[in-house]
Amino acid sequence: MKKIELIVALAYTLALAYFSLVPVPKEVSSTVKVSDIIQHFAAYFTLTFLWYIFWRKVKYSSILSLVVGALTELAQSAVPYRVFSLADLAANTAGVVVSTLLIVGIKHCLNTFKNRVSETVFKLK
């Protein structure tokens, strides 16, 4: 199972980097209907979540996602038809932060539930 999780996370990361860096002429990029900011947010939200599934470490998945987001934005300045954008970088970061907060929140809720169930079972014995 761990191998599949790694393959999915790596494939997604590589696809994200590729599609972030492939030159897209203005005519093609202007036909996209979904907001660029929403796309960046969703992409990095998903990236963080996929790496968390593999590592089970919030810190590792968050740091990796932030680094990938920053590096791809910086690299875009060297690619034709692409530009470095602080707005895109902020959307990448927001996606990572919200995903991280959601993961931490869910973990907290599950641990609280688990503790309450354990206390209840212990009281029944």
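Which backbone nitrogen lies 3.1 Å from a polar atom of the side chain of serine 85? That of aspartate 88.

## The model and its overall fold

This is a predicted model, where local features need pLDDT of at least 70 and side-chain atom pairs count only at pLDDT 80 or more, while totals for chains, interfaces and linings use all residues. Residues are numbered from 1 along each chain as its sequence is written, and side-chain values use heavy atoms, with hydrogens and water left out.

The chain has five helices and zero strands, where helices are DSSP runs of H or I with at least four residues, strands are E runs of at least two, and numbering starts at the N terminus. Along the sequence that reads α-α-α-α-α. Of the 125 residues, 26% are buried (under 20% relative accessible area with a 1.4 Å probe, protein chains only; exposed is over 50%, partly exposed in between). Take the contacts (heavy atoms within 4.5 Å) between residues at least 6 apart in sequence: 76% of them join residues at least 24 apart.

## How α1 packs on α3

Helix α1 (residues 2–21) and helix α3 (residues 36–55) have axes that come within 8 Å and cross at roughly 155°. That makes the pair roughly antiparallel (over 145 degrees; under 35 is roughly parallel, 65 to 115 roughly perpendicular, and the rest oblique). The axes are lines fitted to C-alpha atoms over the stretch in contact, with angles from 0 to 180 degrees between N-to-C directions.

The α1 side of the contact includes Leu6, Leu10, Tyr12 and Leu16, and the α3 side includes Leu47, Leu50, Trp51 and Phe54. By class, this contact has 15 nonpolar, three polar and two charged residues (Ala, Val, Leu, Ile, Met, Phe, Trp, Tyr, Cys and Pro count as nonpolar, Asp, Glu, Lys and Arg as charged, the others, Gly among them, as polar).

## Two buried serines

Serine 85 sits in the loop between α4 (58–76) and α5 (86–124), and counts as buried because its relative accessibility is 17%. Besides the aspartate 88 nitrogen at 3.1 Å, its side chain reaches the backbone nitrogen of alanine 87 at 3.3 Å.

Serine 62 is in helix α4 and is buried too, with a relative accessible area of 10%. Leaving out residues up to four places away in sequence, serine 62 touches Thr48, Val96 and Thr100.

How values were computed: A polar contact is a pair of N or O atoms within 3.5 Å; within protein, one must be able to donate a hydrogen and the other to accept it, and residues adjacent in sequence count only if both atoms are side-chain atoms.
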